[in-house]
Amino acid sequence: MKHLKYILIFGILIYSCQSNRDGYEITERTEIIKKDNCEIPISFPEVSGLSDKEKTKKLNKVLKEFPEHEYYAQNCKEFGERNVKGDYRVLLKTDSILSIEFRTLIERKNKKVDTVYHSVVVNPKDTTEFGVVGIEPDKIIPNFERGKIYPYVKKYSAENNNYINLLAYETGSNYVITWAISDKDFILYVGGEGEWFGNNRIRIPLNELK
């Protein structure tokens, strides 16, 4: 199982270049990662307009490297047709919350496409320590606790016959979970509990968690 290199996660949008009253811009960058016989096209966000230039530089390095596309390039032979690409989309962008979903799309020999999700949720203007997982859900959602999302994950697991480590979603659990937020939904990426990624996506209306 791969391990993520970075313990600090910083912040980040869905359009190639965007600027608004939030006071910072996000530009889409593209690149080709080449390893052996593999060429993996990726897109990633780059932030500008923040006052702290050094933090902006570190943030952009993480945003480019966080989904670990280098790992998939180095291990492309195990991915069948070697057809792999990386992209992202911004789910929420405000002055104090930036929520981004990263996707690695892997096309198998049977043409089935598997998706590996990573996510980042931060306050891009916070000048203090971002911590291991950025903003915690309870800093955004009043009275949030993991026990509230447990029934949704259990139901999804049963209906889709997918193994999910349900212990990660019990009240008081310290498992790392992969999540994001939009203006209407709390989004879970399940299947990689404790490993900073997910293989499937669950949407939970925010008004059901407050």
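## Strand pairing and overall architecture

Two strands are taken to pair if DSSP finds at least two bridges between them. In this predicted model, strands β5 and β6 are joined by ten bridges and run antiparallel to one another. The chain that contains this pair holds three helices and nine strands, and its elements follow the order β-β-β-α-α-β-β-β-α-β-β-β from the N terminus on. Of its 210 residues, 48% count as buried.

## The β5–β6 hairpin

Five residues lie between the strands of the β5 and β6 hairpin, where Lys111 adopts a positive phi near 75°. Among the pairings of the two strands, Leu98 has Val122 in β6 as its bridge partner. Strand β6 is mostly covered, with eight of its ten residues buried.

## Helix α1 and its buried side

Helix α1 spans residues 53–65, and its 13 residues reach 19 Å from the first C-alpha to the last, which is close to the 18 Å expected at 1.5 Å a residue. Its buried residues are Lys55, Thr56, Leu59, Asn60, Val62 and Leu63. Because these residues cover an arc of only 160° around the axis, they fall on the same side of α1. Lys53 and Lys57, in contrast, are exposed on the other side of the helix.

The buried residues of α1 pack against two strands, β3 (38–48) and β5 (98–107). At the start of the helix, a side-chain oxygen of Asp52 comes to within 3.2 Å of the backbone nitrogen of Glu54.

## Nonpolar cores

The largest nonpolar core has 27 residues, of which Ile149, Tyr169, Ile181, Phe186, Leu188 and Val190 touch the most other members. Two or more residues of this core are given by each of β4 (83–93), β6 (113–122), α3 (150–160), β7 (178–181), β8 and β9, and the largest share, five residues, comes from β8.

Ile181, one of the residues that touch the most other members of this core, is in contact with Leu91, Leu92, Ile97, Ser99, Val121, Ile140, Ile141 and Leu206, when its neighbours within four places in sequence are left aside. A second, separate core of 15 residues includes Tyr24, Leu59, Leu63 and Phe102; of these, Leu59 and Leu63 are also among the buried residues of α1.

Apart from neighbours within four places in sequence, the contacts of Gly198 are Thr115, Val116, Tyr117, Thr178, Tyr189, Val190 and Gly192. Gly198 is also 9.1 Å from Ser119, C-alpha to C-alpha, although 79 residues separate the two in sequence.

Ser43 belongs to strand β3, and its relative accessibility of 11% is under the 20% cut-off, so Ser43 likewise counts as buried. Once its neighbours within four places in sequence are set aside, Ser43 is in contact with Glu28, Arg29 and Thr30, as well as with Gly86, Asp87 and Tyr88.

How values were computed
Residues are numbered from 1 along each chain as its sequence is written. This is a predicted model: local features need pLDDT of at least 70, side-chain atom pairs count only at pLDDT 80 or more; totals for chains, interfaces and linings use all residues. Side-chain values use heavy atoms; hydrogens and water are left out. Contact means heavy atoms within 4.5 Å. Helices (H or I, at least four residues) and strands (E, at least two) are DSSP runs, numbered from the N terminus. The expected span of a helix is 1.5 Å times one less than its number of residues. Buried means under 20% relative accessible area, exposed over 50%, partly exposed in between (1.4 Å probe, protein chains only). The arc is that of the directions from the helix axis to the C-beta atoms. A polar contact is a pair of N or O atoms within 3.5 Å; within protein, one must be able to donate a hydrogen and the other to accept it, and residues adjacent in sequence count only if both atoms are side-chain atoms. A nonpolar core is a set of buried Ala, Val, Leu, Ile, Met, Phe, Trp, Tyr and Cys residues joined through side-chain atoms within 4.5 Å.
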